[in-house]
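Subject: Structure for you to look at

Dear colleague,

Here is the structure I said I would pass on. Please open it next to this message and go through the notes below with it on screen.

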Amino acid sequence: MSMSLTMSFEAISGQDWSLMTLLGLPVPLDGLRAKVLENPALPALSSERYALTHELYEAASDQRHRLQEWLARELPPLLADHDPVRVVGVGVGDGSVDAPLAAALAAGGRRVRYTGVEPHAPSAAGFARRLNALDATGLTPTVVIGEFADHDPGYPADLVHFVHSLYYVDDLNAALDNALSMVRPGGLLLTATAPLEPLCVLTEMLCPWAGQKPWFAEDVRAELDRRGLPIRSETLVGHLDATDGLADPLGRGEAVLDFLIGARSRALGPGARLQLLEYLRDISLPGRPGVLPHPVELTIARVP
Ligand SMILES: C[S@@+](CC[C@H](N)C(=O)[O-])C[C@H]1O[C@@H](n2cnc3c(N)ncnc32)[C@H](O)[C@@H]1O
């Protein structure tokens, strides 16, 4: 993790991060890695299980709420003189994050053309339902069921955003180039991506990525810096409540553990499961076992 990110954690959360293992891996994770490497890759989540466990994971965290508020507060003033405002959301899932943003952008009757790109059809249908249910006369939602790499919006966008979706693109450089080519001069590219500490270390290690490299906040920032774009960035630190995972990993805590590691957690052997739970205790807030820091790094780039 970069020093600047360490500092932004401290500045934002006001917590004693020296109590946590943010630099280097705690010992239980080394043991878990050894146990996992002895066995074949864990079974991947089906797209249905992914969507279900994602919903339950977000419900166990206050990060989404913080993100919704942040986006609806910070973005409309940056696009104040755009009418209509054209948005492309990439990997919108069921639209839970997009709906409050679309409503905020459409306040005062402003025209908003809001396109959600989402490969998982049931989630895309959820996006369409959520945005169509908003009481916003100027809002025209569109959903595209497919991958971002295949998407051509046909017109320049004022805002392209990736909220927790850049992890999954095949080629980060190409995805960012593609996104930037869609944004008209003066428009915005927004990314919201988790840093590779301490929860995502688990996802990176245990998720069966099928030969694909997952991208995290550090990769996104490096790619944007390399382009010399002026960037504003901020880290929101939410908290994930994984206490059920510690107490009942094969029962009521299973869904959160599944999404956390990006795989079927019940396929872990007993030794590896114990190591996983020990790691979760190790990275918990002091005195609150199972309550885990859940950061997301936001970047906004204004396209010259
Ligand atoms: C963690 S979810 C985030 C959903 C939503 N943005 C949110 O924050 O609730 C990641 C989403 O990215 C989608 N996704 C994965 N690969 C994608 C790709 N290549 N292009 C577009 N979306 C993708 C998934 O289907 C999933 O809905």
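Predicted model: local features only at pLDDT ≥ 70, side-chain atom pairs only at ≥ 80, totals over all residues.

Gly228 sits in the loop that connects α9 with β6 (231-241). With a relative accessible area of 60%, Gly228 is exposed.

Leu52 belongs to helix α3 (residues 47-59). Its relative accessibility is 43%, so Leu52 counts as partly exposed. The C-alpha atom of Leu52 is 8.1 Å from that of Ala255, and the two residues are 203 residues apart along the chain.

Met182 is part of helix α7. It counts as buried because its relative accessibility is 5%. From Met182 to Asp158 the C-alpha distance is 8.5 Å, for a separation of 24 residues in sequence.

**The ligand**

The ligand is surrounded by 16 residues, and the closest are Arg64, Gly91, Glu118, Glu147 and Val163. Sorted by class, this shell holds eight nonpolar, five polar and three charged residues.

Which backbone atoms lie by nitrogen atoms of the ligand? A polar backbone atom of Gly91 is 2.8 Å from a ligand nitrogen. For Val163, a backbone N or O atom is 2.8 Å from a nitrogen atom of the ligand, and for Phe148 the corresponding distance is 3.1 Å. The ligand taken alone exposes 600 Å², of which the protein buries 91%.

**Backbone geometry**

Most residues other than glycine have a negative phi, and most peptide bonds are trans.

- The peptide bond from Asp83 to Pro84 is cis, and its omega is near 5°. Pro84 is in the loop between α4 (63-78) and β1 (85-90).
- His164 is not a glycine, yet its phi is positive, at about 55°. This residue is in the loop between β4 (157-163) and α7 (172-182). His164 has a relative accessible area of 17% and is therefore buried.
- Ala210 also has a positive phi without being a glycine, with a value near 50°. The loop that holds Ala210 runs between α8 (199-206) and α9 (217-226). Ala210 counts as exposed because its relative accessibility is 78%.

The buried residues of α6 are Ser123, Ala124, Gly126, Phe127 and Leu131. They cover an arc of only 155° around the axis, and therefore lie on the same side of α6. Arg129 and Asn132 are exposed, on the other side of α6. An α-helix has 3.6 residues a turn, so residues three or four places apart point the same way.

Helix α12 (residues 270-282) passes the same kind of check: its 13 residues should span 18 Å at 1.5 Å a residue, and its end C-alpha atoms are 18 Å apart. Buried in α12 are Ala272, Arg273, Gln275, Leu276, Leu277, Tyr279 and Leu280.

**A strand residue**

Thr115 is in strand β2 (residues 112-117). Its relative accessibility of 7% is why Thr115 counts as buried. The Thr115 side chain makes a polar contact of 3.3 Å with the side chain of Tyr155.

Regards

Notes. Residues numbered from 1 in each chain as written. Heavy atoms only, no water. Near = heavy atom within 4 Å. Polar contact = N/O pair within 3.5 Å; in protein donor to acceptor, adjacent residues only side chain to side chain. Areas by Shrake-Rupley, 256 points an atom, 1.4 Å probe, with all protein chains shown as cover. Nonpolar A, V, L, I, M, F, W, Y, C, P; charged D, E, K, R; others polar. Buried < 20%, exposed > 50% of the residue type's maximum accessible area, 1.4 Å probe, protein only. Helix = DSSP H or I, 4+ residues; strand = E, 2+ residues; numbered from the N terminus. Arc of directions from axis to C-beta. Expected span 1.5 Å × (residues − 1).
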